[in-house]
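Here are my notes on this entry, as numbered points. Please read them beside the coordinates.

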There are 2 protein chains.
Amino acid sequence: MQGTSQPTPPADTYPRTDRTVPTRSAQKAAYDKELVHAILDEGYVCHLGFVRDGAPVVLPTLYGRVGERLYVHGSTGSRPLRMAGQADPGLAVCLTVTHVDGLVLARSAFHHSVNYRSVVVHGTAHQVTDPEEKRTALDALVDHVVPGRSADSRPGNTKELAATAVLRLDLAEVSAKLRTGGVNEEPEDLGLPYWAGVVPVRTVYGTPLAEPDLAAGVEVPGYLSEL
Amino acid sequence: MQGTSQPTPPADTYPRTDRTVPTRSAQKAAYDKELVHAILDEGYVCHLGFVRDGAPVVLPTLYGRVGERLYVHGSTGSRPLRMAGQADPGLAVCLTVTHVDGLVLARSAFHHSVNYRSVVVHGTAHQVTDPEEKRTALDALVDHVVPGRSADSRPGNTKELAATAVLRLDLAEVSAKLRTGGVNEEPEDLGLPYWAGVVPVRTVYGTPLAEPDLAAGVEVPGYLSEL
């Protein structure tokens, strides 16, 4: 039935599912892969949700994207990583990335909002066991935080790789959600004597603070000034 | 047994529970109420986790704090709000707030990290039915985004309040987790020719962009310059 009721999505979009079509504000949802990738690639901290003893748990953690796969990592002793390793066939997760772009101040309290871009990924996370994939995933994690950094640091050794668990989550059931633009307002509120508008929000990076014991001649790398 | 094995925590800390003591990095966890409040009060977007059909869902949403209670809101038609209304006795949630303070670049890929402060709240969310509590909660939500704003906008009317559902979550099972400071490194890596240090990260607000149709004489309010 799915084949007839839901047309195959174009190759450049994620299919809509019951979980990725919101009950409200469906007009804000988007499924374009390029847009989803752009939102994901701009960030490095996600909020990872899983279920433990029937209750939800949401933890902030770093992530990286490689094509149509996301990776998160952690100590082999950390809770979600252990749970994914124990569970067969994997750990049900929801991985969410959010960027705030602006504060939307309306004349009415009710129409206050935030401009944002978010991506929500539903799926099953699996432990990565292939050493090559694990290394690629960890490089992607480091390069999400600082593009170019993985090539300019000492790679993980066997002991470090063994102590690190990596989870893979395919980008299959995915949606983006965004709000952009100005203020929505009731027509009758337009004359009220309150300021209304958008306050842009962005993340900035300060001057890098070098460790006091750098090897002689080591300078601030160029990729840090491009952050 | 709990009374003998777990001493009553001081009034200024949240009790430690199985869910709030991490399996790893327990030294980073904190239960001090003042610290938890400060982290919560610095933000306005949380990631709210709940379980739907056995699977986790994590959605970004605005929140506000009033004393030892958090509030989130949404359309009465939105999924978690409907679920909390239907469910008895409430909806099991995990609410997480995270601030990133710095990128920690070590000489080794393995020791890369992020300085951050986060709060994780476990509990059961209940729909707020008392109109006075609902109004207080919505004011707190607006004032979390821009302190002082709720008093300088048109309050919600009966119709708007009816269209808005508010969930209350008590701050009872709560922990903060943080990483601060410089780079951890293996002693044998200290001489490697890679830059190491911390790149500060912060959120900044741009020049407010006023709507084009403000009432005559309305100026940018002072509280926006204090953001």
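1. Six salt bridges are counted between chain B and chain A. One salt bridge joins the side chains of B:Asp213 and A:Arg107, with an N to O distance of 3.0 Å. Keep in mind that this is a predicted model.

2. Polar contacts across the interface of chain B and chain A come to 31 residue pairs, both partners at pLDDT 80 or more. On the chain B side, the elements that each supply at least two touching residues include strand 3 (55-66), helix 4 (131-145) and strand 9 (197-205). Strand 9 of chain B gives the largest share, nine residues. By class, the side of chain B that touches chain A holds 50 nonpolar, 22 polar and 17 charged residues.

3. Strand 9 of chain A (residues 197-205) runs antiparallel to strand 9 of chain B, and five bridges join them. A:Thr203 sits opposite B:Thr203 there.

4. Now the extent of the interface. In chain B, 89 residues are in contact with 89 residues of chain A. The two chains bury about 7300 Å² between them, 63% of it on carbon and sulfur atoms.

5. One residue to check is A:Thr20, in the loop between helix 1 (2-5) and strand 1 (29-30) of chain A. Is A:Thr20 buried or exposed? A:Thr20 counts as buried because its relative accessible area is 2%, against a cut-off of under 20%. Beyond its neighbours within four places in sequence, its contacts include A:Tyr31, A:His122 and A:Glu173. Its side chain reaches the backbone nitrogen of A:Thr17 at 2.9 Å.

How values were computed
Residues numbered from 1 in each chain as written. Chains lettered and ligands numbered in written order. Predicted model: local features only at pLDDT ≥ 70, side-chain atom pairs only at ≥ 80, totals over all residues. Heavy atoms only, no water. Helix = DSSP H or I, 4+ residues; strand = E, 2+ residues; numbered from the N terminus. Buried < 20%, exposed > 50% of the residue type's maximum accessible area, 1.4 Å probe, protein only. Contact = heavy atoms within 4.5 Å. Polar contact = N/O pair within 3.5 Å; in protein donor to acceptor, adjacent residues only side chain to side chain. Buried area = accessible area lost by both parts, 1.4 Å probe. Salt bridge = Lys/Arg side-chain N within 4 Å of Asp/Glu carboxyl O. Nonpolar A, V, L, I, M, F, W, Y, C, P; charged D, E, K, R; others polar. Pairing = 2+ DSSP bridges.
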